[in-house]
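Please examine the structure shown here before reading the briefing.

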Amino acid sequence: MKASTRFSDSIHILAFINIYQGNLPLTSNNIAASIGTSPVVVRRLMSQLRKAGLLNTVHGAAEPTLAKKPADISLYDVYLAAEDGAPLFTIDRKTNPQCIVGGNIQETLGEVYHEAEVAAEARLSRTSLQDIIDSIQVKQAKKNARQRREG
């Protein structure tokens with residue numbers, strides 16, 4: 001089963017909009033080219049972000065804006081919008097209850113997964129979109145400096 005990238009793609013969209021606002025047309029084609037996906041996927045994710053109150057869009061205009069300051073958008077907010085509150089981890093419910101492993105794996109993993117989800121949710125809640133944008137810009141500045149030295 002392929003893992004969902006809706007969460008990371010949604011963060012990508014929001015960061016792209018913030019960084020390129022006023023410098024590049026913010027079309028779904030341009031955003032999709034950055035993510036490496038289709039404009040349809042971008043529009044679908046932008047719709048979810050808009051419904052969650054994280055993005056402002058105008059139908060027919062390539063001028064989306066963040067609905068809040070990046071510092072006021074947590075990654076957990078984005079996760080809830082993108083994944084609709086789906087659990088981070090899922091357990092196969094179709095195991096053989098007559099087997100030692102199959103009969104106990106769900107409860108055992110359920111405990112571990114719950115603890116991991118609580119920790120992940122806390123970390124995502126403490127990390128803002130601004131933190132991600134700042135990190136992207138620092139990494140790009142380092143790349144630019146390295147290219148100038150090597151070029």
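Predicted model: local features only at pLDDT ≥ 70, side-chain atom pairs only at ≥ 80, totals over all residues.

Residues are numbered from 1 along each chain as its sequence is written, and side-chain values use heavy atoms, with hydrogens and water left out.

**Overall fold**
- The protein contains 6 helices and 2 strands (DSSP runs, H or I of at least four residues for helices and E of at least two for strands, numbered from the N terminus).
- In sequence order, these elements follow the pattern α-α-α-β-β-α-α-α.
- The radius of gyration is 19 Å, well over the 15 Å that the globule rule gives for 151 residues, so the protein is more spread out than a compact globule (taken over C-alpha atoms; the rule is 2.2 Å times the number of residues to the power 0.38).
- The C-alpha trace spans about 60 × 45 × 30 Å along its principal axes.
- Of the 151 residues, 26% count as buried (under 20% relative accessible area, with exposed over 50% and partly exposed in between; 1.4 Å probe, protein chains only).

**The loop residue His59**
- His59 is located in the loop between β1 (55-58) and β2 (61-66).
- With a relative accessible area of 84%, His59 is exposed.
- From His59 to Val112, the C-alpha to C-alpha distance is 44 Å, and the two are 53 residues apart in sequence.

**Arg148**
- Arg148 belongs to helix α6 (residues 129-150).
- Arg148 counts as exposed because its relative accessibility is 63%.
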